[in-house]
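The entries follow in the order I took them.

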Amino acid sequence: MFTIGDFATMGRVSVRMLRHYDSIGLLQPARVDEFSGYRYYEADQLRRLNRVMALKDLGFTLAEVGRIIDADIDTAELRGMLRLRKAQVEAQIAVESDRLGRIEARLRMIEREGAMSTTSVVVKSVAPLRVATVSGEAASNNNEDVGPVIQGLFGRLFAALGAAGVEPAGPIVATYAPIADGALTVTAACTVGDDAVIDGLDAVTLPGIDAAACYVHHGEMVDVGEGYQALATWIEDNGHRTDGTAREVYLVSHPEPGERWQTELQMPIT
């Protein structure tokens with residue numbers, strides 16, 4: 001048998017926690033010395049402790065943990081529950097990591113306010129483009145709304161291109177067009193030949209633009225807001241207007257590292 005301190009060390013828990021589990025009947029010692037009151041545990045009780053800690057990490061209350069363990073949940077079912085919880089935690093971490101990236105990007109924009117250069121903005125016409133597309137809708141312009149939509153659309157786009165054995169004939173493009181109540185129509189597009197027919201995708205001609213204010217953003221897309229702010233400043237300073245639509249033309253992207261990406265932002269102007 002092991003003292004409570006030794007058992008706590010082997011189970012990677014605190015002595016205070018073991019005392020609490022004993023007091024509520026969740027994990028009682030194998031023996032308590034009637035004279036000293038010292039608690040003693042057996043190695044086999046580590047199995048119950050492991051299940052207690054696993055279920056606790058799944059979000060169950062201690063009362064629920066006790067009922068589940070006493071119902072003699074089998075190892076396979078417990079493993080399945082843990083794998084599900086692991087996937088949920090990983091998804092939550094990914095969401096929070098994205099949020100942190102957006103916060104850092106917004107801070108960088110705030111720090112550069114008043115210092116953003118608009119000298120790289122150029123005005124040019126954009127030729128029509130034959131593309132295969134798939135479209136969806138984002139609830140707003142917020143990165144949290146747009147990001148998952150455009151990522152999902154590009155996943156569908158490349159899956160369909162791969163299934164059809166079609167290679168891009170030119171640039172990859174994303175378009176954004178405002179609709180009612182602040183929502184956006186979001187489109188992922190890939191340049192294809194005039195005769196391309198791909199299941200699951202629409203083959204259309206992306207209209208040309210007579211005059212577009214254009215800015216090439218260098219780096220990862222998390223910082224693309226700086227490019228749009230540079231465009232907004234230039235458009236206003238030069239007395240132009242825009243209809244709120246935008247295109248992103250991915251000049252350099254995957255599989256190149258993020259710091260080498262180049263994305264041309266295009267906004268029509270009048």
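**Entry 1: the second largest pocket**

I began with the second largest pocket, which holds about 250 Å³ of space. The model is a predicted one, and I read every value with that in mind. I listed the lining next and got 16 residues. Closest to the centre of this pocket are Thr175, Leu206, Pro207, Thr245 and Arg247.

Which elements supply at least two residues each of this lining? I found E6, strand E7 (184-191), strand E8 (202-206), E10 and E11. E6 gives the largest share, three residues. I then sorted the lining by class: eight residues are nonpolar, seven are polar and one is charged.

**Entry 2: the largest pocket**

I moved on to the largest pocket, with about 1700 Å³ of space. I counted 41 residues in its lining. Nearest the centre lie Asn143, Gly147, Met221, Val222 and Val224.

The helices are H5 (75-111), H6 (143-164) and H7 (224-237). The strands are E6 (172-178), E10 (246-252) and E11 (262-268). Helix H5 provides the largest share, 10 residues.

How does the lining of the largest pocket divide by class? I noted 20 nonpolar residues, 13 polar ones and eight charged ones.

I also checked the strands against my first entry. E6, E10 and E11 are among the elements that supply at least two residues to the lining of the second largest pocket.

**Entry 3: aromatic pairs**

I turned to the rings. A ring pair is described by the distance of the centres and the angle of the planes. My count came to three aromatic pairs.

I took Phe7 and Tyr41 to start with. Their rings are stacked, at 4.5 Å centre to centre with 10° between the planes. Phe7 sits in helix H1 (residues 4-11) and Tyr41 in strand E3 (residues 39-41), so this pair ties together parts that are 34 residues apart in sequence. Are these two residues buried or exposed? Phe7 has a relative accessible area of 0% and is buried. Tyr41 is buried too, at 0% relative accessibility.

I went on to Phe154 and Phe158. This pair is stacked as well, with 5.8 Å centre to centre and 20° between the planes. Both residues lie in helix H6, four residues apart, about one turn of the helix. I compared their accessibility. Phe154 has a relative accessible area of 13%, so it counts as buried under the 20% cut-off. Phe158 is partly exposed at 42%.

**Entry 4: Arg19**

Where is Arg19 placed? I found Arg19 in helix H2 (residues 15-23). Its relative accessible area is 44%, and Arg19 is therefore partly exposed.

I looked up the contacts of Arg19, leaving out residues up to four places away in sequence. Arg19 touches Ile4 and Arg39.

Definitions and conventions
Residues numbered from 1 in each chain as written. Predicted model: local features only at pLDDT ≥ 70, side-chain atom pairs only at ≥ 80, totals over all residues. Heavy atoms only, no water. 1 Å grid on protein atoms, 1.4 Å probe; cavity = no way out; pocket = protein on both sides within 12 Å on 5 of 7 lines; lining within 4 Å. Points joined across faces, edges and corners; volume = space filled by probe spheres on them. Nonpolar A, V, L, I, M, F, W, Y, C, P; charged D, E, K, R; others polar. Phe/Tyr/Trp six-rings, centres within 6.5 Å; stacked < 30°, edge-to-face > 60°. Buried < 20%, exposed > 50% of the residue type's maximum accessible area, 1.4 Å probe, protein only. Contact = heavy atoms within 4.5 Å.
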